[in-house]
Amino acid sequence: MPKQNSSGGKDKLGSISKQVDRYLRSLFTTGALAVIRYARIHGTDHRPWLTRWLARRPTKVAAIALANKLARMAWAMMARNERYNEPAALAA
């Protein structure tokens, strides 16, 4: 789902590609906005990168970045046929 712009052996994953299902993109974006809304109410201690993004960027830009990250995670889990494993830093 993420658009890939790679050259010289360096992988660069871009924004969410518009070549896939419009409904799926809207679900990822809506979910990301819900995570940001929850983080603003309850604190963003468990997602420090999201805190930094929200400090530097508008809410909707941070939501698209989070949606892109969620899409990449979902694709990786489906490609490897694995379940989500919460990182140790978040589990504490």
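**Chatting through a predicted model**

Modeller: Heads up, this is a predicted model. Among the elements of the protein chain, strand β1 (residues 2-4) has the lowest mean pLDDT, 56, while α1 has the highest, 89.

Colleague: And what's the mean pLDDT of the protein chain?

Modeller: The mean is 79, and 72% of the residues reach 70 or more. Where pLDDT is low, the predicted coordinates should not be read in detail.

Colleague: OK, new topic. Which residues make up the largest nonpolar core?

Modeller: There are eleven of them: Phe28, Ala32, Ile36, Ala39, Leu50, Leu54, Ala62, Ala63, Leu66, Ala67 and Ala71.

Colleague: Which helices supply at least two residues each?

Modeller: That would be α1 (22-42), α2 (48-56) and α3 (59-80). The most comes from α3, which gives five residues.

Colleague: What does Ala63 touch?

Modeller: Leaving aside residues up to four places away in sequence, Ala63 touches Ala32, Leu33 and Ile36.

Colleague: Last one: is Asn81 buried or exposed?

Modeller: Exposed, because its relative accessible area is 73%, and the cut-off for exposed is over 50%.

Methods. Residues are numbered from 1 along each chain as its sequence is written. This is a predicted model: local features need pLDDT of at least 70, side-chain atom pairs count only at pLDDT 80 or more; totals for chains, interfaces and linings use all residues. Side-chain values use heavy atoms; hydrogens and water are left out. A nonpolar core is a set of buried Ala, Val, Leu, Ile, Met, Phe, Trp, Tyr and Cys residues joined through side-chain atoms within 4.5 Å. Buried means under 20% relative accessible area, exposed over 50%, partly exposed in between (1.4 Å probe, protein chains only). Helices (H or I, at least four residues) and strands (E, at least two) are DSSP runs, numbered from the N terminus. Contact means heavy atoms within 4.5 Å. pLDDT is the predictor's confidence in each residue, from 0 to 100.
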